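Hi,

Here is the structure I promised to pass on to you. Have a look at it first, and then read on for some notes on what turned up.

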Amino acid sequence: MIEAWSVILALVVSLATYYYLKKKQSYFDVRGIPHYKGLPVLGTMWKAVFQRVTFAESILELYNVRKDAKYVGFYDFLTPAIAIRDIELVKNITVKYFDHFQDHESIQSEATEPLFSKNLFALRGERWKEVRTLLSPAFTSSKMKAMYKLMHECAERYGDFLATIPEGERCLELKDVFTRYTNDVIATCAFGVNVDSMADRDNKFYLNGREATSFGRLKSLKFFIVLNMPYLAHLLGIKLISPVIDEFFKDIVASTIKARDENGIVRPDMLQLMMDTRGKLGPGKELTIEDMTAQAFIFFFGGFESTSTLMCFAAYEVGVNPEIQTRLQEEIDEVLENSNGKVSYEAINDMKYLDAVVNEALRIHPVVVAVDRTCTKPFELPPALPGGKPYHMKKGEYLWIPIYGIQYDPQHFEEPHKFNPDRFFDDPKRIMNSGTFLSFGMGPRMCIGNRFALMEAKVLLFNVFARCNLKPNSKTTIPMELSKKGFQMTAKDGFWFDVEPRKTVCPVLVNSVYNGTST
């Protein structure tokens with residue numbers, strides 16, 4: 001009798017689960033919205049989660065489900081969501097009607113993931129506005145100009161290192177070198193800590209940063225669980241950042257603040273900006289050490305991984321295209337000669353071809369392939385297809401902006417798979433303002449550190465190509481093949497090149513490269 005009831009109960013549960021999943025999977029059919037079904041429970045992105053394809057390929061596949069649609073539906077595990085294809089609609093959502101979509105879907109567990117839940121990207125509502133307003137002055141032209149000197153000194157050191165590598169050791173994987181550079185720049189510009197990761201390869205700042213920002217298969221799965229099933233993550237004790245790393249960054253911030261207070265040290269960096277707000281924000285709004293650590297950490301997280309990846313892709317494209325490398329070096333040499341080797345912040349900013357190379361690298365290899373928005377106030381989307389019905393988004397529903405799909409759409413960029421810096425050479429603002437270039441996002445929630453990231457990348461690329469040539473070797477993957485491990489954009493087998501000193505170095509650099517003196 002008990003066995004019979006067990007069978008009946010199992011059958012009832014199975015049928016209930018079946019009809020629940022069927023109802024979930026029919027969400028867009030009922031509403032007449034073209035969509036990508038994917039698999040039950042696992043949703044549309046299942047192939048990327050299990051590393052059958054790259055996350056970028058999944059986004060492109062989703063984007064091309066219906067090329068005549070303003071938007072398409074998909075399933076983020078069991079949750080229905082919308083992917084926006086229409087550029088005017090993207091502009092409306094990110095700018096014109098921003099108050100309807102001002103938040104990201106983000107990790108909200110302050111108890112278990114304070115570094116991820118309290119940072120600017122994850123903050124919501126009024127708290128996000130307060131902190132964004134507070135941090136924005138850290139990236140003004142005057143602050144950038146002050147930080148440029150720190151960046152340039154670091155980039156010179158790395159350029160000289162690459163130019164003086166012994167002949168038998170010149171086959172290098174660039175990601176390792178460039179990540180060490182971003183580590184050193186962020187350490188000094190955000191935390192006020194001087195680090196030389198080439199001389200001290202196992203320094204704690206670099207090792208902890210490497211562990212915190214590495215997202216392999218297991219960590220990527222953990223991320224999806226923490227983001228989409230926080231209760232399960234809490235139940236299973238799943239954390240993205242280990243307590244050791246959490247405490248390391250918290251101790252760095254606390255000890256730096258203490259040292260500055262005791263010694264009257266003032267620096268032009270983000271941490272100083274947050275320190276200066278103490279006692280001024282009012283009850284409940286003051287930044288705690290944990291709040292400051294979270295802001296400094298997300299700045300570090302973005303700079304350490306994302307900016308180094310941008311540099312790698314830009315260097316890769318320059319390295320596999322000799323004519324582009326020659327043209328870039330000609331511009332670099334001209335700037336060096338005109339400045340007698342003392343390259344200013346303004347000179348780097350005025351380099352049209354370097355700017356075009358970096359922008360095209362961002363277009364063809366956007367480090368973030370999609371960004372989300374949560375509906376904070378009900379909003380009516382126009383019909384997805386002509387003759388269809390509008391879709392009424394409710395508070396709490398969310399959508400994605402498929403950056404990778406938009407930037408690979410031939411309607412927006414001719415021959416989108418071709419690396420062509422000239423797209424951005426004559427009139428870059430035309431593309432920047434068109435809504436089709438979204439590598440840093442758009443509107444009030446676009447990346448707050450975009451100017452810092454661009455400057456950091458340009459300064460390093462300038463110093464590397466002023467002193468070195470990159471030449472493909474047997475380890476260089478041509479054409480580029482992206483890694484399927486994790487959701488971060490990177491090369492499958494790394495960024496390998498022979499790094500050779502230039503035979504004709506601009507005269508003002510000769511002393512720097514061959515005598516070890518700074519320019």
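Let me start with helix 16: the cover over its buried residues includes helix 15 (289-319), helix 17 (345-349), helix 18 (352-364), helix 21 and strand 8 (468-471). Please keep in mind that this is a predicted model.

Which residues of helix 16 are buried? They are I324, Q325, L328, Q329, E331, I332, D333, V335, L336 and S339.

With a relative accessible area of 54%, P322 counts as exposed, because that is over 50%. Between P322 and P472 there are 10.0 Å in space, C-alpha to C-alpha, although they are 150 residues apart in sequence. Just after helix 16 comes N340, with a positive phi of about 55 degrees.

Next, the surface. M229, L232, L235 and L236 make a nonpolar patch of about 390 Å². One of them, L235, sits in helix 12 (residues 230-236) and is exposed, its relative accessible area being 68%.

Finally, an annotation to look up: in UniProt, an unreviewed entry has "binding site" covering C447. Where is C447 found? It is in the loop between helix 20 (428-432) and helix 21 (450-467). C447 is partly exposed, at a relative accessible area of 35%.

Enjoy exploring, and write back whenever you like.

Best wishes

Terms used. Residues numbered from 1 in each chain as written. Predicted model: local features only at pLDDT ≥ 70, side-chain atom pairs only at ≥ 80, totals over all residues. Heavy atoms only, no water. UniProt positions renumbered as here; feature names shortened; annotations may be inferred. Helix = DSSP H or I, 4+ residues; strand = E, 2+ residues; numbered from the N terminus. Buried < 20%, exposed > 50% of the residue type's maximum accessible area, 1.4 Å probe, protein only. Patch = residues over 30% accessible without salt bridge, like charges linked within 9 Å, V, L, I, M, F, W, Y side chains within 5 Å. Areas by Shrake-Rupley, 256 points an atom, 1.4 Å probe, with all protein chains shown as cover. Salt bridge = Lys/Arg side-chain N within 4 Å of Asp/Glu carboxyl O. Contact = heavy atoms within 4.5 Å.
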